[in-house]
Amino acid sequence: MSKITFQKPGNFIYPVPAVMVSLRDASGKSNIITIAWTGTICSDPPMAYISVRKSRASYPMLVESGEFVINLPSEELVRALDYCGVRSLDQVDKWKEMNLHEGQASVVAAPTIEEAPVSIECKVTQVLPLGTHDMFLAEVVAVDVDDRYIDEKGAFHMDQVGLVAYSHGDYMSLGEKLGSFGYSVRKKPVKAKNRKAKR
């Protein structure tokens, strides 16, 4: 295998999450923006981030409110995911156009998206100016999930949700499971036949 080096480096870390961020300003006006620059940054306290261009109509709403909700879309929401990323609050009512419904968050004033299987409520702790984007660091203060994916033991089955990712301009389904955390070093169970042979 051989590699070439691009003359100008760029963001080539793909795939990344593609999420729908919902927010509300002090006047009560709400909006949805699509964000691909997002992720986990700390476990305890649980923290996440989103990076947003200053030119986005939602930017001042984020600065003013200091709250937002990261909604993880399922495959059924891909069209809405894309639409909310290419249409502006100044042009359309994204909730109405995509037939999405505002849900009541449990902690923050920002709405959740009722149709999203997972809604992660966040409160901004710091804003880092970086260049084209500002990074909003936030503490996760609540997580709301669709109870259809919770089993009788109270476990949430993320694998059943049908989440999507963004990869170099394309929305992708996550595909089949290849392994689980720690599987490369996990000891394989000894087969019953082998146990008997060792006796």
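Me: A residue is buried when its relative accessible area is under 20%, exposed when it is over 50%, and partly exposed in between. In this predicted model, which class does Lys 54 belong to?
Reply: The relative accessible area of Lys 54 is 48%.

Me: With which residue does Lys 54 meet in a salt bridge?
Reply: The contact is made between side chains, with N and O 2.9 Å apart. It links distant parts of the chain, since Lys 54 lies in the loop between E5 and helix H1 (59-65) and its partner lies in strand E10, 80 residues apart. The partner of Lys 54 is Asp 134.

Me: Is Asp 134 buried or exposed?
Reply: Asp 134 has a relative accessibility of 2%. The limit for a buried residue is under 20%. Asp 134 therefore counts as buried.

Me: How many salt bridges does a search of the whole structure find?
Reply: In general, side chains of opposite charge can pair when their charged atoms come close. One of the pairs is Arg 148 with Asp 146, at 2.8 Å from N to O; Arg 148 counts as exposed because its relative accessibility is 61%. Another joins Lys 54 and Asp 134. The number of salt bridges found in the whole structure is three.

Me: How many residues apart are Glu 102 and Arg 24?
Reply: Glu 102 forms a salt bridge with Arg 24, and their closest N and O atoms are 2.3 Å apart. This pair links distant parts of the chain, with Glu 102 in strand E7 (residues 102-103) and Arg 24 in strand E2, and the separation is 78 residues.

Me: Which side chain of opposite charge is nearest to Lys 94, a buried residue without a salt bridge?
Reply: Lys 94 lies in helix H3 (residues 94-97). A salt bridge would need the nitrogen within 4 Å of a carboxyl oxygen, but the nearest side chain of opposite charge is 9.2 Å away. That side chain belongs to Asp 90.

Me: At what distance does the side chain of Lys 94 reach the backbone oxygen of Arg 87?
Reply: Residues touched by Lys 94 include Ile 32, Tyr 83 and Arg 87. Its side chain reaches the backbone oxygen of Ile 32 at 2.8 Å. For the backbone oxygen of Arg 87, the distance is 2.9 Å.

Me: Which residues of helix H2 (residues 78-86) are buried?
Reply: Among the elements that cover the buried residues of H2 are strand E2 (19-24), strand E3 (30-35) and H3. E11 and E12 also contribute to this cover. The buried residues of H2 are Ala 80, Leu 81, Tyr 83 and Cys 84.

Me: Which residue in E12 is the bridge partner of Ser 167?
Reply: Four bridges join strand E11 (residues 164-167) to E12, and Tyr 166 stands opposite Tyr 171 in E12. The two strands form a hairpin with two residues between them, and His 168 in the turn has a positive phi of about 50°. The partner of Ser 167 is Asp 170.

Me: Which residue in E5 is the bridge partner of Gly 39?
Reply: Strand E4 (residues 38-42) and strand E5 (residues 47-53) run antiparallel and are joined by four bridges. A hairpin of four residues leads from E4 to E5. The partner of Gly 39 is Tyr 49.

Me: With which residue does the side chain of His 133 make a polar contact of 2.7 Å?
Reply: His 133 is found in strand E10 (residues 133-145) and counts as buried because its relative accessibility is 13%. Residues that His 133 touches include Trp 37, Ser 51 and Leu 128. The polar contact joins side chains, and the partner is Thr 132.

Notes
Residues numbered from 1 in each chain as written. Predicted model: local features only at pLDDT ≥ 70, side-chain atom pairs only at ≥ 80, totals over all residues. Heavy atoms only, no water. Buried < 20%, exposed > 50% of the residue type's maximum accessible area, 1.4 Å probe, protein only. Polar contact = N/O pair within 3.5 Å; in protein donor to acceptor, adjacent residues only side chain to side chain. Contact = heavy atoms within 4.5 Å. Pairing = 2+ DSSP bridges. Lys, Arg positive; Asp, Glu negative; His and termini not counted. Lists of a residue's contacts leave out its neighbours within four places in sequence.
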